[in-house]
Amino acid sequence: MKSVQRSYENFAAVPSIVFRLMGYNVLDAPDETRTRRLVMWLYRWICTCSHVVCVGFMIFRMLEMTTIDNVSLIIRYATLVTYVINSDTKHATAMQRDSIQSLNRKLSELYPKSALERAYYRVNEHYWSRSFLAMIFFYIGSSIMVVIGPILQSIVAYFTQQQFTYQHCYPYFIYNPEQQPIWIYVGIYALEWLHSTHMVVSNIATDLWLLCFQVQICMHFSCMIRSLEEYQPNLMHERADKHFLAQMVNKHEYLVLLQNDLNGIFGGSLLLSLITTAAVLCTVSVYVLIQGLNLEGITYVVFIGTSCMQLFLVCNHGQQVLDLSADIGHAAYNHNWHNASIAYKKYLLIIIIRAQKPVELSAMGYMPISRDTFKQMMSVTYRGLAMIRQMIE
């Protein structure tokens, strides 16, 4: 039985669905009813307003300073600040809806249309793997556990100590069960849930759009390499050879422009997220060392692992586009061009010259994103963690 070749909409559906967890419809799906669109719009603004309220309380507590009275709280606030900056930067990136829709449309038009073309492009090999989708669910699940962990601890305390402890996630809300009614606690938890939803979805879904677009560009580069390697030019069909290679030159130039569009949309968030992700990993690691491996500590350990994996995936896809763009030059030089016409060889030389400057996923032009970038960030994170531990001790 032949496998069904994935459509472009299958690729774009994954980041689109994740963003809709906070009510944000990036692509403006036309098949939605007016009622559903209104409900999603309201839900999105409830999430956004809850996020604004929580960040406001966080800033108020930091300015007040009276409630931040130990090292553990200082580290926790540092973690929250860096994660908020990271998430809000990615949220601002995702607000470039017109640019994202434009790039999405261009890649959709470039996507192979027939089943035969899709088989040649090997689209299913580039589709989201099951392990990757499992990682997304695991990331969202670990983030949910960070939020619901405190109420689970309160429930456990109720059954083991006959006392509900009214714990909640974020330290900038102070609840006193002896002086305040229960609905305030419920309201605090609802705010924290929506606030967390806004941050987590903004964080992961923006990276998913980045990966979706980068996978498409890598797929086209890979197909170009395979086409060049397999093509057999000959003086007997010079016109067809020139037409084939002219298409390769034009497509290579177009893919470079698409990569520049991608860098223009995501470059700013990439640069800041590299810095803030390293800071989040440092502070969360220190917080876990201070708190120990209780339920909260375990959920944070899982969160650290998924955050590292998220960063690695972005860097790994940046490495792939670097390698593939360089391999185009190798494919052009190594394929059987000896029997080709002079005009064909000139076109081939254009591709080889252009391939000398590799296409890269770039953080605003300051650094290419690659596996070396991931190694550097992990090294910086380790040194930062060692420095913070030394300061505390």
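Is helix 8 mostly covered or mostly exposed, and how many of its 49 residues are buried? In this predicted model, helix 8 is mostly covered, with 39 of its 49 residues buried. The helix runs over residues 182–230. From its first C-alpha to its last it reaches 71 Å, close to the 72 Å expected at 1.5 Å a residue.

Two of the helices that meet helix 8 can be followed in turn. Helix 2, residues 34–64, has an axis that comes within 8 Å of the axis of helix 8, and the two cross at roughly 105 degrees. Angles of 65 to 115 degrees count as roughly perpendicular, so helix 2 and helix 8 are roughly perpendicular to each other. On the helix 2 side, the residues that meet helix 8 include Tyr-43, Ile-46, Cys-47, His-51 and Val-55. Among their partners in helix 8 are Leu-191, Glu-192, His-195 and Met-199. By class, this contact of helix 2 with helix 8 has nine nonpolar, six polar and one charged residues.

Helix 4, residues 97–110, meets helix 8 at another angle: the axes come within 11 Å and cross at roughly 30 degrees. Because angles under 35 degrees count as roughly parallel, helix 4 and helix 8 are roughly parallel to each other. Their crossing is left-handed. Helix 4 contributes Ile-100, Leu-103, Asn-104, Leu-107 and Leu-110 to the contact, and helix 8 contributes Trp-209, Phe-213, Gln-216, Ile-217 and His-220. An α-helix has 3.6 residues a turn, so residues three or four places apart point the same way. By class, the contact of helix 4 with helix 8 has seven nonpolar, three polar and no charged residues.

Terms used: Residues are numbered from 1 along each chain as its sequence is written. This is a predicted model: local features need pLDDT of at least 70, side-chain atom pairs count only at pLDDT 80 or more; totals for chains, interfaces and linings use all residues. Side-chain values use heavy atoms; hydrogens and water are left out. Helices (H or I, at least four residues) and strands (E, at least two) are DSSP runs, numbered from the N terminus. The expected span of a helix is 1.5 Å times one less than its number of residues. Buried means under 20% relative accessible area, exposed over 50%, partly exposed in between (1.4 Å probe, protein chains only). Axes are lines fitted to C-alpha atoms, for helices over the stretch in contact, and angles run from 0 to 180 degrees between N-to-C directions. Angles under 35 degrees count as roughly parallel, over 145 as roughly antiparallel, 65 to 115 as roughly perpendicular and the rest as oblique. Contact means heavy atoms within 4.5 Å. Ala, Val, Leu, Ile, Met, Phe, Trp, Tyr, Cys and Pro count as nonpolar, Asp, Glu, Lys and Arg as charged, and the others, Gly among them, as polar. A crossing is left-handed if the near helix is turned anticlockwise from the far one by less than a right angle, and right-handed if clockwise.
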